[in-house]
Amino acid sequence: MTRRTVLSAALRLVVAAVVVFVLDAPLGLGAAAFERQTLEIATKTGVHVFSVEVATTDAERAQGLMHRKELPEGTGMLFDFKRDEPVAMWMKNTYVPLDMIFITADGRIHRIAENTTPMSERIIPSGGPVRGVLEVVAGTAKKLGIAPGDRIGHPMFSGR
């Protein structure tokens with residue numbers, strides 16, 4: 001092999017490695033790779049199914065939906081806080097306006113913060129002890145008639 005052939009082959013390997021790294025990297029800088037699960041919300045208008053990414057560790061909850069440029073309808077992120085406790089969320093580095101749905105351990109919606117402001121560091125409190133928070137694209141709660149007291153169907157919640 002000539003020196004040029006060896007350099008060309010080496011360059012192709014480097015480019016291939018970079019392409020694999022970029023395509024395999026999660027969204028956002030240092031973003032976690034979240035497990036995707038199905039979640040259902042039973043409302044007066046019917047049962048609505050979502051495909052959600054689940055944030056269960058401190059690192060995943062801290063990352064959340066930061067740096068995302070879009071969030072398709074019917075998808076979201078479910079934050080698991082492991083036990084009922086008052087929690088607070090914010091929109092720092094989050095570009096997409098969201099509805100935040102605060103959920104108790106028995107799967108009941110406790111509170112909804114609708115149409116949160118992107119990139120804001122304003123604290124959004126749960127208003128009481130909750131087990132989890134579901135974030136969906138802003139306007140979803142109003143569009144689907146999701147309200148406090150509605151039930152969430154997901155293994156995280158006991159459904160008592």
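Modeller: Happy to! Let's begin at a hairpin: strand 4 and strand 5 form it, with five residues between them, and glycine 107 in the turn has a positive phi of about 90 degrees. Strands here are DSSP runs of E with at least two residues, helices are runs of H or I with at least four, and both are numbered from the N terminus.

A word on the source: this is a predicted model, in which local features need pLDDT of at least 70 and side-chain atom pairs count only at pLDDT 80 or more, while totals for chains, interfaces and linings use all residues. Residues are numbered from 1 along each chain as its sequence is written, and side-chain values use heavy atoms, with hydrogens and water left out.

Phenylalanine 102 has arginine 111 in strand 5 as its bridge partner.

Now step back to the open sheet, whose seven strands follow the order 5-4-6-3-2-1-7 with mixed pairing. Strand 5 (109-113) and strand 7 (151-153) are its edge strands, each pairing on one side only. From one strand to the next, the twist averages 35 degrees, an angle between N-to-C directions on a scale from 0 to 180 degrees, with axes fitted as lines to C-alpha atoms.

Strand 2 (residues 46-55) runs parallel to strand 3, and five bridges join them; here alanine 55 has phenylalanine 79 as its bridge partner. Strand 6 (residues 124-137) pairs with strand 3 in the antiparallel sense over nine bridges, and leucine 78 is partnered there with leucine 134. In a regular strand the side chains alternate between the two faces of the sheet.

Strand 3 also contributes four residues to the lining of the largest pocket, the largest share. Helix 2 (58-63) and strand 3 (75-89) are the elements that give two or more residues to this lining.

Notes: Pairing = 2+ DSSP bridges.
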